[in-house]
Amino acid sequence: MTDPISAPAAPAAAAFDPHALPPLRDVIARFGLEARKALGQNFLLDLNLTGRIARSANLPAGTTAIEVGPGPGGLTRALLATDAVKVIAIERDRRFIEALQDVIEASQGRLSIVEADALTVDPEELAPAPRAIVANLPYNVATPLLLGWLARIEAYVSLTLMFQKEVADRLVAKPGSKAYGRLSVITQWRSDARVLFNLPPRAFTPPPKVESTVVHLTPRANPEPADWRALEQVTAAAFGQRRKMLRQSLKSLGNAEALLEETGLTPTARAEEIDVAGFAALARAFRARNPLEPPSERVE
């Protein structure tokens, strides 16, 4: 990871105007910034939409906003127009570092660029609390990034993230629905997640093949006690054979009947019928029978 690139801080910063800089399409043309499919790049160029995303994050004054994949800088500009004390953008594609120099200069010291792969960066090391993540995530790495942040979500004011709609639906799905699965359980165990709004493919350049959804996640005040790795193992077993009864799908964990008896869950129930509290209870019972040393806190 390289050191952040930023402009010297000014004594007093004027309100940032996202429209005062050259249009994003001109920036793309000037620097030859065609989207790269391998990096999951789809640019959101409408400053009205990027402004809506930034405002929906509802960042408290004094918060540092951390963005992943700023690209030509549409959302970056919008974040600079909020009450964020600083914006830190993580970008692995070097082409955009030069293209963002005008935004850095106009930010009066509030914007820093970190050249790195976001999967290798710990946002907690980039800025002190309070911090929040606001990002139009590359869809090919959105889920692993989210899981990494959920493991330490208490370190953030909030996460305001764009996903493809199918993934967003899974994040907020309730027991009994087809979309309810492992990602639903882990997300709702650690956070309060709600859908904000959808964006059609035509809002992006180039248009993706799917609809997109902005989701707002805040740390859950009192999450059910459970070990992360144990919950991962329990949900993997249960949803790996989601159409089977729990007494069958949990056999790979060893002594499934005893686990279900200890947690009071119906052996003939299926994974999609069990709520977050039920899976947390299963994880606790499983961990008690299979102790870890030391306990796991992060995604492996």
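## Salt bridges within the chain

Glu115 and Arg94 form a salt bridge in which the closest N and O atoms are 2.8 Å apart. The structure is a predicted model. This pair links distant parts of the chain, with Glu115 in strand β5 (residues 111-115) and Arg94 in the loop between β4 and α4, 21 residues apart. Glu115 is buried at a relative accessible area of 16%, whereas Arg94 is exposed at 57%.

Altogether the structure holds 17 salt bridges. Another of them joins the side chains of Asp93 and Arg36, at 3.9 Å from N to O. Here too distant parts of the chain are linked: Asp93 sits in the loop between β4 (86-91) and α4 (95-99), and Arg36 in the loop between α1 (24-31) and β2 (43-44), 57 residues apart. Asp93 counts as buried, with 4% relative accessibility, while Arg36 is partly exposed, with a relative accessible area of 37%. Both residues belong to a network of salt bridges that links Glu34, Arg36, Asp93 and Arg95.

A further salt bridge pairs Glu154 with Arg190, the closest N and O atoms being 2.6 Å apart. Glu154 lies in the loop between α6 and β7, and Arg190 in helix α8, 36 residues apart. In this pair Glu154 is partly exposed, at 44% relative accessibility, and Arg190 is buried, at 13%.

The protein is divided into domain 1 (24-219) and domain 2 (228-289). The contact takes 15 residues from domain 1 and 14 residues from domain 2. The C-alpha centres of the two domains lie 33 Å apart. About 1,200 Å² is buried between domain 1 and domain 2, and carbon and sulfur atoms give 71% of this area. In domain 1, the residues that lose the most area to domain 2 are Tyr180, Arg182 and Trp189, together 48% of what that side buries.

Across this interface there is 1 salt bridge. The side chains of Glu232 and Arg182 meet in a salt bridge at 3.6 Å, N to O. Between the domains, 3 residue pairs are in polar contact. On the side of domain 1 that touches domain 2, α6 (142-150) and α8 (182-190) each supply at least two residues. The largest share of that side, 6 residues, comes from α8. By class, the side of domain 1 that touches domain 2 has 8 nonpolar, 4 polar and 3 charged residues.

Thr160 is found in strand β7 (residues 159-164). Thr160 is buried, with a relative accessible area of 1%. The side chain of Thr160 is joined to that of His216 by a polar contact of 2.9 Å. Beyond four places in sequence, the residues in contact with Thr160 include Ile53, Ala57, Ile133, Leu196 and Val214.

## Helices α11 and α12

In helix α11 (residues 256-263), the buried residues are Ala256, Ala258, Leu259 and Leu260. Their cover includes α10 (246-249) and α12 (276-289). Gly264 follows α11 and has a positive phi, near 75°.

Leu282 has its place in helix α12 and is buried, with a relative accessible area of 1%. Leaving out residues up to four places away in sequence, Leu282 touches Val234, Leu250, Leu259, Leu260, Thr263 and Leu265. Leu282 and Ala230 are 52 residues apart in sequence, and their C-alpha atoms are 8.6 Å apart in space.

How values were computed. Residues are numbered from 1 along each chain as its sequence is written. This is a predicted model: local features need pLDDT of at least 70, side-chain atom pairs count only at pLDDT 80 or more; totals for chains, interfaces and linings use all residues. Side-chain values use heavy atoms; hydrogens and water are left out. Domain bounds come from an automatic or database domain assignment. Contact means heavy atoms within 4.5 Å. Buried area is the accessible area (1.4 Å probe) that two parts lose on being put together, summed over both. A salt bridge is a side-chain nitrogen of Lys or Arg within 4 Å of a carboxyl oxygen of Asp or Glu. A polar contact is a pair of N or O atoms within 3.5 Å; within protein, one must be able to donate a hydrogen and the other to accept it, and residues adjacent in sequence count only if both atoms are side-chain atoms. Helices (H or I, at least four residues) and strands (E, at least two) are DSSP runs, numbered from the N terminus. Ala, Val, Leu, Ile, Met, Phe, Trp, Tyr, Cys and Pro count as nonpolar, Asp, Glu, Lys and Arg as charged, and the others, Gly among them, as polar. Buried means under 20% relative accessible area, exposed over 50%, partly exposed in between (1.4 Å probe, protein chains only).
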